[in-house]
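Biologist: I would like to go through this model with you, one question at a time. Please give the cut-offs as each term comes up.

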Amino acid sequence: MSQRNLLIILFTLVLSYTCYVRAEQNPYARYVSDGYSVIERWALQDVPDQRLFEGAMRGMVNELRSDGDDHSVFVPEQVQGEFRLELRQEFGGVGIRLGLLGEPPMPIVVGPPQPGTPAFLADIRSGDVILAVDGTPTEGLPISEIVGLTRGEPGEPVVLTLRHQGETEPEDVSLTRAVINVESVRGDIRDDDGRWVFQLPHEPRIAYIRLINFGDKTEEELDTVMRETTKAGAEAFILDVRDNYGGALDAAVGISDMFLRAGLPIVTTRGRDALVRDRFVSTGKGRYTDVPLAILVNKNSASASEIVAACLQDYEQAAIVGERTYGKGTVQRLMPVESGRSILKLTSATYWRPSGKNIHRMPDAPETEEWGVSPDSGLRVELSEEDYLNWRNYRRRRDILGTKTDGVVAEQFDKDPGPLPAGYADDALDAAIDCLRQQLNR
């Protein structure tokens, strides 16, 4: 027997013994196994093993949730690919954004395709109606299913049957899927080439940057934008994390580090025993420790968004503008199960801001309790539900149409969300601009 095979056998024996000891330490692991065996052998209904496993996982997670853990979740095999996509920020596709617009609702390309993508090179245009994907008609399909049809392995062909604005005859466009990078950093509007405009046209000294989520590439994207806008004359920055539900802890730490001098605690995590598990400290590599900075938050800014806002607020590195944040002060660990085919997103720790406070909001916590990240004094901009919907409408219009109000897309889009109030203004953004102007004009 070769030495390699002997080592494999020894490793297998050690692993098997470890699992056996673990099971003996917690007899419920054995009970679950026994229950599965009984169901498999004696149950009248022949339920597939996969469904029994997924049901057991969901049942255990539901017990965690009944004890106040709102954020643990079991992600089964069939949807875990999309789940990981949010963090990886890339997929195989053609580079278009779709929305259901018009009557009857049809998938329409909203905004120009991302530059350099297959759709951009094939001259697919904003407003094109996608009639079919690889011969499958799109009418009546949910948008998620249509998007799924356009995606696939890079290098695979796909045919889009579409109709251009102002034309009556459909056209088949053959494309080859490529790796599409999902941007997590956006500006205010897109220019005619489909690129985001970050510097405010009426105040080019200020760059307005929206963080949509916190993924593997967010820190790099943000650094690139800040470098480029600084060279173009930007002297102050607004980070907008409104409606940003969070993402990767490492991304939140890295972004906070960009604005801090060395040796400052950014965030710590504590486990069930309340002891510190991890402590993240600034490295001193940040290039933006002296720039005026404002962070826009609202009631849906959560998790990683709150880590950044809380950290930079505690060190007075940023002015916090808007509403009190969601209050999600727990950390979820992605645990592969079922040999990596599915994922258990498990709440495993709480996170604590540099001031030593945990901002987590427990279920049914009253408004009087201290949770979330509150705006700085004088920078609170509260929104009613109607105000919030108007802001969502306004933001969506700028994402899709930019400053344009003509064309078929504009007409169809206007029928969907309803008109904006006359003279609408983003009050929170205006407050952030005024705050930074005061700092720049000193």
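**Hairpin and aromatic contacts**

Biologist: In the hairpin of β20 and β21, which residue takes a positive phi near 55°?

Modeller: This hairpin has four residues between its strands, helices (H or I, at least four residues) and strands (E, at least two) being DSSP runs numbered from the N terminus. Strands β20 (residues 330-337) and β21 (residues 342-352) run antiparallel with eight bridges joining them, and two strands pair if DSSP finds at least two bridges between them. The residue with a positive phi near 55° is Glu-338.

Biologist: This is a predicted model, in which local features need pLDDT of at least 70 and side-chain atom pairs pLDDT 80 or more, while totals for chains, interfaces and linings use all residues. Residues are numbered from 1 along each chain as its sequence is written, and side-chain values use heavy atoms, leaving out hydrogens and water. What kind of aromatic pair do Phe-237 and Tyr-288 form?

Modeller: The structure holds five aromatic pairs, where rings of Phe, Tyr and Trp (its six-membered ring) pair if their centres lie within 6.5 Å, with planes under 30 degrees apart counted as stacked, over 60 as edge-to-face and the rest as tilted. Phe-237 and Tyr-288 lie 6.3 Å centre to centre, with 65° between the planes, and the pair is edge-to-face.

Biologist: How many residues apart in sequence are the parts that this pair ties together?

Modeller: Phe-237 belongs to strand β15 (residues 236-240), whereas Tyr-288 is in the loop between β17 (276-281) and β18 (293-297). The pair therefore ties together parts whose separation in sequence, in residues, is 51.
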